[in-house]
Amino acid sequence: MSRGRDAASRGGAGAPEEGPARARPARGRPSAPPPASTASPRARPARPPWDFGYAPVPTAAGDDDGCPLDIVVALRCAAAPGDVAAALSARWSGVEVERVIERPPIFWLRVRSPEGGRRAEVAAALSAAALPVRYVASARRPSAAVAPRFDAAAGAAARPDGWTVRGASFEEDPVTPGRWFLRDEEGGIGVDRRRCGSGAGMRLGVIDDDAWAADELGLDREVLVMLEHPPRSQAHGSFMVAWAVGSRRPGGFRGVAPDASPRLYLIPKPGSCVLALPVAIIQAVSDGADVVVCAAYVEGSTTPMLDDALEFAARLGRRGRGCPVVFPTGREASSPPASLHASFSLGFGEPASDPRVFCVGPGARGEGWFLWRDRRGRSRPFANRGPAVRWLAPGDDLTCPLPPASGAVPASGAAPESGAAPASGAAPASGAAPTSGASGAAPESGAAPASGASGAAPESGMAPASGAAPLSERLCHAESSGASALAAGVLLLVLSRNPALRLPELDALVLRTLVPVPPAAPASAEPIADPWDLFPDGRDRDGHNAKHGYGRIDAGRACLAAGDPVALALVLIGEDRAARAWHDARAAGPLARGLYSRRLARWAVRALLADPSLCHGVCALARHARLTAGDDARRRAHGAGVVLRQLSVLVRGLAASRQAPPAPPRVRGEVAALLDDLERSATDAAAVQAVESRFGELADAVFADAAERRARQGAA
């Protein structure tokens, strides 16, 4: 469901080589490739495992410097619009000044005049009038310029402003084929309600440019940004809210974080202004959003104002902890010069490539990158690739979370403009990738989306996406837009388990709990329309691949690891089942629950993420527990008191770590008391034995499978 512009794609079968050496067919002669069943295997030239046709669609419009003024003046402090108008009126006539943002440290004014002028001239005139100018930028055209730094200390951290949160609902998620994306199997995100929760207490800000059926969502509020009326022609924004959170009607759809509280920030359609997106981000963060996701078409809208907005989110969002901002990879098909292959490249200057953004691509049902099948049954890409891709989340056939619209156009007709699937049999020309304008459409099995079909889901009577589903369940291709909404829902779940996580800690936690994705396409994707579409075919040493990022996001692992240091260590060593057992023991068993408070557990997770040596020590303790579970002889072989010694060293490391975040006073007191208890126990043989015995009991319970297996081996 990624949003995009029309851009021709001229790759496909029959184009085995890249470069000018490939002879092109004469004009007027047919050049259609042979059917996939008869096409001969094509040799793939040797290339580095990280390489692919990296050439994005040009999105940047020409600079309008010198044209009639429509600019943003960023100041270092507040100033009256009248003062700015007076400073410019001597040079430009008809000057109009409008206050856009006045939220320290961001002060933006929009200046318009029918007379042309250079932005440098405007800045000079304002400086001459003793107005503290930071920069002057176009309000209509993009720019790669970086905004001058602002003083974050001059602004207050963002706190919720009248944004009501929801309590936990304790409802069960329906189990249907189309809700596979919530499960741990088939390439889903592994939501485990018992241990992940439902996102209660969290706030989600969704930025989009259209929201049909918004009344189904149970929004806390709908905010218009530089709009007078809410756009209601497409369901894209509503689907983003619903997949991340859900709808609130009785029996309605439950999203990834169904008890989070959503607000929808609606911005104008692309092309009219580049100012609305950064304004919406700042407003959502200022209102108190815990996570912000924007899946509207924003390519070609990088500006100094966007730089300000993302810096504001990272430094002042979530009470100063940093608010995560999620963007999809998008889908821009182009054919670079001297090439016969589509590039599907995310531009390095696009908003989704900003290092402060979490850029999410779509995953397939099963494994790998999301590919769709054209009319000939050949697989083609559905998303951009690039160095900035962070994570993969499901983007294949997902349950449509909203009811069908009344009076929808039947499938036998042309694909309607809003929220509809393509007409039966509609497909682009042979050998072409789907145009970016076909964003969000739900193609039939074996059919590509019709050009221009926009929206998210098939309406009443429309053909569902590929795959069988119950009659009451409709499926649609979520693409990278839906994937970003699911990822935003996962971040809400993780933050609900540990609201104290700062933005870098959240990033590190998700990164270390990802599911690796094989870079090669699965056998089920055969036949491939163009093997070049699947480059790069390897991973870098850090695990990154331009299609998949670092891997698929996993809510179950991330939520387990977010709230407890022992669970974090167990997840990191690959013992997810043991981490679940430890979570359950902490929730129900007095022995595990009494070891430390939830407050200390959350802070200790942050400390382990920040201190590699400390994290290694806890992981080593977990590995020791795994090796000795159910085996008293192994425990005795290491000597009495070794576990108590290791625990004392680890708690002392927690107390003294220079990398760990500052501990709140109550946590410091608990750590000091725990360290005192351990040191006193070390002087008493009976206490040493008691600690070792309790450690063995917990190890046996957490690693029950290992203990049973070892017992069977001993009996044999």
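**Close-up A. Elements around the second largest pocket of the predicted model.** Helix 3 (193-196), helix 7 (479-497), helix 9 (555-563), helix 11 (576-588) and helix 13 each contribute at least two residues to the lining of the second largest pocket. The volume of this pocket is about 750 Å³. Its lining consists of 31 residues, and the closest to the pocket centre are Arg 194, Arg 195, Arg 497, His 583 and Arg 598. Helix 11 provides the largest share of this lining, 4 residues. Sorted by class, the lining of the second largest pocket holds 13 charged, 11 nonpolar and 7 polar residues.

**Close-up B. Helix 11 and the helices it packs against.** Helix 11 is made of 13 residues. From first C-alpha to last it reaches 18 Å, close to the 18 Å expected at 1.5 Å a residue. Which residues of helix 11 are buried? They are Asp 576, Ala 578, Ala 579, Trp 582, Asp 584 and Arg 586. The buried residues of helix 11 pack against helix 3, helix 9, helix 10, helix 12 (590-593), helix 13 and helix 18.

Close-up C. Of its 34 lining residues, Val 566, Leu 595, Tyr 596, Leu 621 and Leu 647 are the closest to the centre. Two or more lining residues come from each of helix 10 (565-572), helix 13 (598-610), helix 14 (612-628), helix 16 (642-656), helix 17 (665-681) and helix 18 (685-702). With 6 residues, helix 18 gives the largest share of the lining of the largest pocket. By class, this lining comprises 30 nonpolar residues, 2 polar residues and 2 charged residues.

**Close-up D. Strand 1 and its pairing with strand 3 and strand 4.** Strand 3 (residues 106-116) runs antiparallel to strand 1 and is joined to it by 8 bridges. In this pairing, Asp 70 lies opposite Arg 112 of strand 3. Strand 4 (residues 133-138) also pairs with strand 1 in the antiparallel sense, over 5 bridges. The bridge partner of Val 72 in strand 4 is Ala 137.

Methods. Residues are numbered from 1 along each chain as its sequence is written. This is a predicted model: local features need pLDDT of at least 70, side-chain atom pairs count only at pLDDT 80 or more; totals for chains, interfaces and linings use all residues. Side-chain values use heavy atoms; hydrogens and water are left out. Two strands pair if DSSP finds at least two bridges between them. On a 1 Å grid over the protein atoms alone, a cavity is a set of points where a 1.4 Å probe fits but cannot get out, and a pocket is an open set with protein on both sides within 12 Å along at least five of seven lines; lining residues have an atom within 4 Å of a point. Ala, Val, Leu, Ile, Met, Phe, Trp, Tyr, Cys and Pro count as nonpolar, Asp, Glu, Lys and Arg as charged, and the others, Gly among them, as polar. Grid points are joined across faces, edges and corners, and a volume is the space filled by probe spheres set on the points. The expected span of a helix is 1.5 Å times one less than its number of residues. Buried means under 20% relative accessible area, exposed over 50%, partly exposed in between (1.4 Å probe, protein chains only). Contact means heavy atoms within 4.5 Å.
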